Amino acid sequence: MSRWPALAWVMFLASIPLWVRNQYYLHVLINTGIFAIAAMSLNLLLGYTGQLSLGHVAFFGVGAYTSALISLGFDLQLAPSYILVFEPRPVWVGFLSGIAVAGMFGWVIGKLSFRVRGAYFVIVTVSFAEVVKLVALNWVDLTEGPMALNNIPPVTLALPGLGELTFWKKEPNYYLVLVVCLLSYAVIRRLVRSRAGRAFVALRENEPLAESVGVDVTRFLVLAAVISAAIAGAAGGLYAHYIKIVDPDIFLFIYTVVMVIMVVTGGKGTLLGPVVGAVIFGILPEVLREVARPEVQWIIYGFIMVLIVFFLPDGIVPAAASWWKARTATAGPSGDAREGA
Amino acid sequence: MDQFLQHLLNGLVLGGSYALLGIGLTLIFGIMNVVNFTHGELYSFGAYMVFGIVAALHGNFFVALFLAMALGVILGAGIERSLLRPLRGASIDTTMLVMIGAWIAMQNAEQLLWTGVAKAIRHPFPEAPLVIGPVSVSWIRIFVLAVALLLIAGSHFLIRRTRLGTAMRATFQDRETAALMGVNIDAIHTITFAFGSGLAAAAGALLGPVFVVFPTMGDLAALKAFAIVILGGMGNFMGATLGGLILGVVEEMGAGYISSGYRDAMGFLIIIAVLLFRPTGLFVRAERVG
């Protein structure tokens, strides 16, 4: 996107709390923003490196749990006579630690699972997410298991001149999510347009060829996994401090599926695709809520996924882009007008 | 030691049905190169069909078992014809996304139809277990193991000894040459998927009465089937059989000796370990069907 329309969009998004006073609508938008961040991070792996990671929710959950635990504090019996007591730390420390720990998980998983490709890779990532979920469920001393971590403190910022600011209300949380959203977008944009981004695409398109011209495949895949996991961890941290409760259900496989649907619908391997997908599938449930029960909604999403793959395999953003190009270039040859439609 | 024998027996009962799941998935995986995310839904479909026929229609338990398998075969053939045939030759990721979509739609249709409440299936076997020396096992479990072993043997016969099985193996080895030799590849794909789906429905129909039936029961089953496929090697029939039995026993042992909370983690730890040390599976010389 060129500079001025982008700035206009940011201004528009920033102005929303000024004219949307309905707290419930803001809540929907905050959730949408959190999912947009997660979907963008998944797109880095799925869209740019072409690796379908179906364990992505693990990074989201690890970020949420880490951030919550560090800001709540915990004690852990390491040996019969030794108890590690971890004092509560400020929320921003927790949030940053969540990002770091999720990134570390990304590194380990990347190192392990990029030994295999295709279907095997998919299954390793799914297995990993399930193991993490079972640990969260069973390591009750640390995670409280199914009793969940409650009363997670909201984000608190010490601003010079304004004193301490605690994000209890919807509006500040909206701006927080918006800022993290824009930062994630900027990081990913920067990355995919760098040498590393070209390497990602090269090995998505033809891995042996990329390797033969000197692209260190594993290194770049692991790099993508770390950054992707860290951003997903940031989304998880935002979620934990906004919803204020985290339980093992955060690792449900269905959330990964939601992210995949968002990325595929919007357009994988495009910068805006996951955002568009997140907006559609963040708001659609609220629109459908009046007319359809959740089960019916999910059946509809399942059908949408099948229809998208059949009729719009590149997703909405590339299709819209080529439609727009065909429309504005009516003077040119009409041959490519149907391309991507 | 007594406890060990008990865990071993329970593990084999579980493992027999796991093997059915694994065989179905490994054939679909091997012959069609499709990661079948609807496999778990066929499993819960089988269980719900038995429940529906026994509870709502007051049908005979054994007839219900047979009908559940037959309906699984029909449903599988329908999925293959409507979703997978148009996508033949598409990348594995594309078909995977379609199968994920189908899986979500099917699971929620079940949720809508039967609600999320877990249901128990009534079966005609006596409650009192059979006691052999130190171990005791309920009659329904013996029945489940026997039927599972029978189905495994039948599948083995089909793949090894019949013309159809030969055509399936030929398709796996070299699709183009098989087509040149007069094998109808479209038909082989439909039959493979229907057959694998029937086995998954059978596994659900068998384990449904042992445990309880609920809409998301297929999720873990599908993931376990993936574990078995990886353990045995893709497209490897014997590997899937042994892999299923091993997974059942490992789960029971893990639940008995380590922690019952981590029972379901065993399969995933196996996947991760196998892929790290022997990515082609435990029982393979080369990837093959049969």
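The model is predicted, so local features need pLDDT of at least 70 and side-chain atom pairs count only at pLDDT 80 or more, while totals for chains, interfaces and linings use all residues. Residues are numbered from 1 along each chain as its sequence is written, and chains are lettered from A and ligands numbered from 1 in the order in which they are written.

**Stop 1: chain A**

Along its principal axes, the C-alpha trace spans about 80 × 55 × 45 Å.

Among contacts in chain A with a separation of 6 or more, 75% come from residues 24 or more positions apart; a contact has C-beta atoms, placed from the backbone, within 7 Å.

**Stop 2: the interface**

Now show both chains. Here 32 residues of chain A are in contact with 33 residues of chain B. Select α5 (118-138), α11 (253-266) and α13 (294-311) of chain A, the elements that each give two or more residues to this side. The most come from α5(A), with 13 residues. By class, the chain A side has 25 nonpolar, four polar and three charged residues (nonpolar: Ala, Val, Leu, Ile, Met, Phe, Trp, Tyr, Cys and Pro; charged: Asp, Glu, Lys and Arg; polar: the others, Gly among them).

**Stop 3: two helices of chain B**

Select residues 217-232 (α9) and 265-277 (α11) of chain B, which pack at an angle of about 30° with axes 9 Å apart (axes are lines fitted to C-alpha atoms over the stretch in contact, and angles run from 0 to 180 degrees between N-to-C directions). This makes α9(B) roughly parallel to α11(B), the term for angles under 35 degrees. Residues of α9(B) including B:Leu223 and B:Ile230 meet residues of α11(B) including B:Phe268 and B:Val274.

**Stop 4: B:Met168**

Finally, select B:Met168 in helix α6 (residues 163-173) of chain B. B:Met168 counts as buried because 25 C-beta neighbours lie inside 10 Å. Its C-alpha atom is 9.0 Å from that of B:Leu27, 141 residues apart along the chain.

Methods: Contact = placed C-beta atoms within 7 Å. Helix = DSSP H or I, 4+ residues; strand = E, 2+ residues; numbered from the N terminus. Parallel < 35°, antiparallel > 145°, perpendicular 65-115°, else oblique. Buried ≥ 20, exposed ≤ 12 C-beta atoms within 10 Å, placed from the backbone.
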